[in-house]
Amino acid sequence: MWRWYELLPVVDPDHIVSLGEGDCPLLRLIRISRKLGLPYLFVKDESANPTGTFKARGLSAAVSKAKELGIRKVIIPTAGNAGGAMAAYAARADMEALIYFPKDTPHANIAESRMAGAQIVLVDGLISDAAGVAGETARREGWFDLSTFKEPYRVEGKKIMGYELAEAFQWELPDVIIYPTGGGTGLVGMWKAFQEMESLGWLKNPKKPRMVAVQASGCAPVVKAFESGAAFCDYWVHAHTLASGLRVPKSFADQLILKDLRESGGTAIAVSDESITKAQHELCENEGIFSAPEGAATLAALEELVRRKWVHPDERIVLFNTGSGLKYLDHGEESSRAQAGCASPPLLDGAP
Ligand SMILES: *Cc1c(COP(=O)(O)O)cnc(C)c1O
């Protein structure tokens with residue numbers, strides 16, 4: 001990611017805290033592409049990032065800038081993956097890390113954060129409840145808050161996905177980008193990147209992608225606001241979905257997300273947990289990509305967009321797989337068993 005150093009906020013390169021994030025592959029889908037009749041279908045596969053998700057990009061940028069600013073203690077409320085990424089980069093930067101997770105966060109996030117030496121607090125509630133407590137602790141004890149959009153640097157790290165895409169498409173942007181939206185950092189970041197590239201004169205053609213925000217039907221505040229024409233999102237009550245990264249009842253940047261979707265001529269779409277699980281199997285069975293449920297949600301959304309004829313066979317379409325399925329084994333295993341019609345895993349007993 002840091003080969004785009006001039007476009008990132010760190011002034012002195014000695015302050016860069018990197019684990020080799022970014023430059024993840026843009027893979028062409030082969031069998032799914034044929035099934036859907038979309039010959040130019042791609043996945044930007046972010047699962048190869050350190051800590052297994054694209055959260056590494058934002059936290060590499062944020063922790064680097066925090067280091068440059070002389071900050072020693074960082075705090076974050078998180079739905080899971082941002083916490084794991086912050087813990088890793090804070091460890092490398094020799095900073096103290098304090099993380100507030102909802103208590104039912106995927107186990108991998110808690111394990112990786114503990115392993116990196118972060119202090120952990122489990123909150124009985126959602127990321128929004130965790131944010132309340134973390135904010136109070138930050139003010140009381142002088143921690144620097146790395147919450148989504150409450151500092152300006154995570155979005156800078158995430159915007160580099162837009163540059164990588166432009167480069168891969170030889171500076172002619174794809175037609176449609178389908179993005180699983182929680183806090184919206186990547187969506188807002190890429191849209192910012194496209195505008196920067198335009199003012200830098202790097203684009204061969206000023207046409208920008210239609211941005212699609214995908215959410216889970218159990219937590220779809222952006223979809224609801226987009227459809228009703230609202231400028232803000234309402235807080236989504238009783239948010240639930242197995243795609244923990246999408247369990248964000250209200251993004252701090254809701255206004256920006258909605259503005260960028262509309263400016264791009266895009267849309268917002270909600271998909272059920274069942275269709276997410278089905279798409280996760282499809283991606284892995286047909287293409288060998290074991291995606292995070294959030295990534296699979298983009299394929300489920302694409303199938304719906306094909307039904308609505310919102311996408312066309314001559315368009316270049318990019319799905320975002322934002323993380324690795326390996327981070328969700330606690331529920332992934334349950335869903336595979338349910339799909340295979342097994343009540344419980346096979347038991348190995350000592351009997352001959
Ligand atoms: C955080 C997260 C998202 C949502 O990303 P935003 O840019 O905050 O909208 C999607 N997928 C995964 C795996 C995540 O961890």
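Author: Let's start with a term: a salt bridge is a side-chain nitrogen of Lys or Arg within 4 Å of a carboxyl oxygen of Asp or Glu. This is a predicted model, where local features need pLDDT of at least 70, side-chain atom pairs count only at pLDDT 80 or more, and totals for chains, interfaces and linings use all residues. Residues are numbered from 1 along each chain as its sequence is written, and side-chain values use heavy atoms, with hydrogens and water left out.

Reader: Thanks! How many salt bridges are there between domain 1 and domain 2?

Author: The count is 4. As for the domains, their bounds come from an automatic or database domain assignment: domain 1 is 2–52 + 156–336 and domain 2 is 55–145. A salt bridge also joins the side chains of R57 and E46, at 2.7 Å from N to O.

Reader: And how do I read the size of an interface?

Author: It is often given as the accessible area lost when the parts come together. Buried area here is that loss for a 1.4 Å probe, summed over both parts. Between domain 1 and domain 2 it is about 2,600 Å², with 56% from carbon and sulfur atoms. On the domain 1 side, V17, R247 and K327 lose the most area to domain 2, together 27% of what that side buries.

Reader: Which residues are in contact, in numbers, across the two domains?

Author: Contact means heavy atoms within 4.5 Å. By that rule, 35 residues of domain 1 touch 29 residues of domain 2. The centres of the two domains, taken over C-alpha atoms, are 23 Å apart.

How values were computed. Buried area is the accessible area (1.4 Å probe) that two parts lose on being put together, summed over both.
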